[in-house]
Amino acid sequence: QREQEKGIYDELALAFGRRGLQALLIESALPELEQEANLLLGRMTDNRMHLALETQRQTRSGAMAETLDIKIADELGTRAYELYSGGEAFRINFALRIAISKLLARRAGAPLPTLMVDEGFGTQDTAGREKLIEAVNAIADDFERILVITHIDELKDAFPVRIEVTKTPEGSRVD
């Protein structure tokens with residue numbers, strides 16, 4: 001009797017553990033995440049970059065190991081996320097964050113009320129900034145409001161409404 005109960009509990013632990021139901025949920029979400037992230041990443045890079053999320057890799061011994069690797073392909077080939085510049089990494093992160101937000105909101109049946117982008121534009125060159133602004137504007141309908149925080153003067157006119165905060169000796173002032 002005890003052995004049978006232990007066997008049942010062991011099976012339940014396996015089913016609800018990291019390699020059971022959790023792994024199935026992640027595997028089912030990855031195609032949707034990849035598709036959504038790649039749509040946005042394509043917009044920001046003139047379709048030069050796309051990503052793939054890999055959940056298994058072969059170890060040196062030949063066995064398969066669970067992982068979550070982000071592989072990005074561009075005109076130079078496919079390489080690991082860590083090998084991209086700060087500006088490129090920001091665009092990849094931005095695309096993945098938006099994709100995750102949309103997936104979670106869709107699954108919860110909830111709206112996406114607010115997106116905040118804090119200082120991401122400073123990592124971009126001029127062309128990268130323009131593409132990022134286009135990407136933010138392209139997803140504007142998916143959010144009730146988007147707040148972009150920046151210190152870059154040339155971006156002040158990039159968005160239709162702005163709140164300027166000015167630092168004074170008496171404290172910060174909102175204009």
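Before the pairs, the cut-off I use: a salt bridge here is a side-chain nitrogen of Lys or Arg within 4 Å of a carboxyl oxygen of Asp or Glu. Please keep in mind that this is a predicted model.

With that cut-off, take arginine 106 and glutamate 32. Their closest N and O atoms are 2.7 Å apart, so by the 4 Å limit they form a salt bridge. Arginine 106 belongs to helix H3 and glutamate 32 to helix H2, residues 21–44, so this pair ties together parts that are 74 residues apart in sequence. Is either end covered up, or partly exposed? Arginine 106 counts as partly exposed, because its relative accessibility is 47%. Glutamate 32 is partly exposed as well, at 26% relative accessible area.

This pair also belongs to a network of salt bridges that links Glu32, Glu36, Lys102, Arg106 and Asp142. How many salt bridges does a search of the whole structure find? The count is 9.

Next, a pair that involves loops. Arginine 48 forms a salt bridge with glutamate 75, and the closest N and O atoms are 2.9 Å apart. Arginine 48 is in the loop between H2 and strand S1 (50–58), while glutamate 75 is in the loop between strand S2 (64–74) and strand S3 (77–80), so the pair ties together parts that are 27 residues apart in sequence. With a relative accessible area of 34%, arginine 48 is partly exposed. Glutamate 75 has 55% relative accessibility and therefore counts as exposed.

Aspartate 10 and lysine 6 form a salt bridge, with 2.7 Å between the closest N and O atoms. Both residues lie in helix H1, 4 residues apart, which is about one turn of the helix. Aspartate 10 is partly exposed at 40% relative accessibility, and lysine 6 is partly exposed at 46%.

Staying with H1: this helix has 15 residues and reaches 21 Å from its first C-alpha to its last, close to the 21 Å expected at 1.5 Å a residue. How many of its 15 residues are buried? The count is 0, so by the limit of under 20% relative accessible area H1 is hardly covered.

There is a nonpolar side to this as well. Ile8, Tyr9, Leu12 and Phe16 form a nonpolar patch on the surface, and together they have about 450 Å² of accessible area. One of them, leucine 12, is placed in helix H1, residues 2–16. Leucine 12 counts as partly exposed, with 41% relative accessibility.

Now the rings. A search of the whole structure finds 1 aromatic pair. It is made by phenylalanine 90 and phenylalanine 94: the ring centres are 6.1 Å apart and the planes are at 20 degrees, so the pair is stacked. The two residues are 4 apart in helix H3 (residues 86–108), and so are separated by about one helical turn. Are these phenylalanines buried or exposed? Phenylalanine 90 is buried, and phenylalanine 94 is buried too.

The charged end of arginine 79 sits over the ring of tyrosine 84, at 3.9 Å from the ring centre.

That is what I have for today.

Definitions and conventions
Residues are numbered from 1 along each chain as its sequence is written. This is a predicted model: local features need pLDDT of at least 70, side-chain atom pairs count only at pLDDT 80 or more; totals for chains, interfaces and linings use all residues. Side-chain values use heavy atoms; hydrogens and water are left out. Patches are made of residues with over 30% relative accessible area and no salt bridge: like charges are joined within 9 Å, nonpolar side chains (Val, Leu, Ile, Met, Phe, Trp, Tyr) within 5 Å. Accessible areas come from the Shrake-Rupley method with a 1.4 Å probe; for residues, only the protein chains shown count as cover. Buried means under 20% relative accessible area, exposed over 50%, partly exposed in between (1.4 Å probe, protein chains only). Rings of Phe, Tyr and Trp (its six-membered ring) pair if their centres lie within 6.5 Å; planes under 30 degrees apart count as stacked, over 60 as edge-to-face and the rest as tilted. A charge sits over a ring if NZ of Lys or CZ of Arg is within 6 Å of the ring centre and within 35 degrees of the ring normal. The expected span of a helix is 1.5 Å times one less than its number of residues.
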